[in-house]
Amino acid sequence: MIETRERALLSGNEAIARGAWEAGVRVASAYPGTPSTETLQALVTYEDVDTRWATNEKVAVDVALGASLGGARALAVMKHVGLNVAADTFMTAAYTGVGAGLVIMVADDPGMHSSQNEQDTRLYARMGLVPLLEPSDSQEAKDFTKLGFEVSERFDTPVLLRSTTRISHNRGIVVLEDRAEVPVGGFHPDPSKYVMLPAYARGRHPVVLERLTRLTTYAEELVTEEGADTRVGIVTAGVPYQYVKEVLPEARILKLGMTFPVPVERIRSFAAGVERLVVVEELEPFLEETLKAAGIHVEGKAYFPRTGELSPDLVHDGFAALGLVEPRSSAPTPPPTVVRPPLLCAGCPHTVPYWSLKRLGAVVTGDIGCYTLAALEPLATMDTCVSMGASIGMATGLAASGGADKPVVATIGDSTFLHGGVPALMDAVYNQADITVVILDNGTVAMTGGQEHPGTGRTLSGEETRAVDLPALCRAIGVDDLHVVDPYDVSATLRAIEQAMAHRGPSVVITYRPCIEAPVRIKDRPFWVDADACTACQLCMNLGCPAILWTSETFEGRRKVTIDTEMCTGCTLCAQLCPPRAILPVQEVGS
Ligand SMILES: Cc1ncc(C[n+]2csc(CCOP(=O)(O)OP(=O)(O)O)c2C)c(N)n1
């Protein structure tokens, strides 16, 4: 834990954790997702906060809302697509309001560095009629988190705190303060506020709208105005503010701290003092459209891209097109970079299930996790990947369509299965879908850096807890054809999947083997290739293992292989596949 009254270099996520702690937060719940994950991992290092991983984002918001109604300041954290999962509670929490302050931190991923889409959370704020704060650096990330709790209590509303990849992962100096001691207020039953029957909910909707009017006035207090050059006025917020400052340091800038509700009248008076008004915002023309709808003449997305991240260069190009700056002098073209496609790790336990499916031939619905890389060569065994948990329902639908010319197999990781796959498996059993589900259990959330989940037997703070028994869960759901197999045993895995695919009705194969990276990197005796014995059959190459490399040596015109012993984890998979047994453990030959 960092001492108080100091300055520290913090990422945006760490600053949000610090802000929540300083605000006296008592309960924090999250489901991991880049770029938000480190927030709770930072918060768990502070005392006096009950910090926990949730099964999914909806549960995280449910937990935080419940804690808030109990009178404890509460935080929920997720990546942007997580709010889709939590949207049901989020939309109605806008009606119930809160007990103690409730902040929902959502990290957007413009440019999709590690996401399946680049939706803009500001649109959720508008749909839910919930205020949204947008920090532009680490200091503001901390300050706005604290402010979020105050706004939440003052206006009796959940508050969205929107970060983006650049805010969450960049570091900046942050002034540290003490923790506020905010006593737990206790639960005060109020069915007309917390039981959203239609009769009560009808009474709450006008309350939400009246609150929005007051919040719009309040949003005016959260703007900062700077710059002397009145030839152009720029409305911006979040990280684009930094780019604007870099490209046009003298420009007159109105930076918004709250981007929903939009302080339209404040912007109208700002517009009156400048010759032209320009909005610089990432992703959707959210502010621009709001201002245009209010009859304010503004320029924006005609000059700045609506997809991907902005950057100082893109902002410069937009200003140049607006005639505000000279175009950038064309920089010398950097030499082309060699693109290295992402691969599963050497020794990844997800390899053989996909290798088997490729051999057996199946329509494979995929899901989100490390294993999504099996969509790429050489495994290339995934036909769909849409959202967390979708693989099982989509497999059911594909099988029901009668349009699949091969058996239909859903593949899903352990965390993803618990997050959103369980109801879909129940549905498959209930409706007797003719599908096989392969649950790739590596005992961690590998994709986001190896977090715990309800199946691992450990909590976020490292304490032991009950672990979900996946085979027992599947049996309880009604899966009769169930196989549990070690994916390091190539023939057993192939056989189990083959048998499951031959079964009529729903079947499940659980492949269990811990991730080689989590919680500690597993490294066994590495293997090497006896070049004299290698017949260059290249079967081992089908695994896509990054430790297996080509050599210049050939056999009957085909290239032989070698193994990078530093990278090899000793998983034995390639040795099991090698017909001439040319792949051997290093120590066996005494080298
Ligand atoms: C709704 C949603 N929440 C979070 C994420 C971030 N995320 C991507 S995959 C994943 C889970 C991966 O874990 P698991 O299914 O166990 O597979 P592994 O990566 O361990 O192979 C998470 C949390 C996301 N993409 N979508």
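The shell around the ligand draws at least three residues from each of two domains: domain 1 (7-196) and domain 3 (351-512). The model is predicted. Helix 16 is the top contributor to that shell, with three residues.

**Ligand shell**
- The ligand has 22 residues around it, and G369, G413, S415, A446 and M447 come nearest.
- By class, the shell residues divide into 11 nonpolar, nine polar and two charged.
- Two helices, helix 4 (82-96) and helix 16 (414-430), supply at least two shell residues each.
- Of the helices, helix 16 gives the most, at three residues.

**Domains**
- The assignment for the protein chain lists domain 1 (7-196), domain 2 (223-321), domain 3 (351-512) and domain 4 (527-589).
- Domain 1 and domain 3 each provide at least three residues of the ligand shell.
- The centres of domain 2 and domain 3, taken over C-alpha atoms, are separated by 46 Å.

- Seven strands form an open sheet in the order 3-2-4-5-7-6-12. The pairing in this sheet is mixed.
- Strand 3 (50-53) and strand 12 (258-260) are the edge strands, and each pairs on one side only.
- Inside the sheet, strand 2 (residues 27-30) and strand 4 (residues 74-79) run parallel and are joined by four bridges.
- A28 has L75 in strand 4 as its bridge partner.

**The hairpin of strands 20 and 21**
- Strand 20 (residues 548-555) pairs with strand 21 (residues 558-563) in the antiparallel sense, over five bridges.
- Across this pairing, T554 stands opposite R559 in strand 21.
- Two residues lie between the strands of the hairpin. E556 takes a positive phi there, near 50°.

**Helix 9**
- Helix 9 covers residues 198-219, which is 22 residues.
- At 1.5 Å a residue, helix 9 should span 32 Å.
- Helix 9 is hardly covered: two of its 22 residues count as buried.
- As a general point, an α-helix has 3.6 residues a turn, so residues three or four places apart point the same way.

Conventions. Residues numbered from 1 in each chain as written. Predicted model: local features only at pLDDT ≥ 70, side-chain atom pairs only at ≥ 80, totals over all residues. Expected span 1.5 Å × (residues − 1). Buried ≥ 20, exposed ≤ 12 C-beta atoms within 10 Å, placed from the backbone. Near = placed C-beta within 6 Å. Nonpolar A, V, L, I, M, F, W, Y, C, P; charged D, E, K, R; others polar. Domains from an automatic or database assignment. Pairing = 2+ DSSP bridges.
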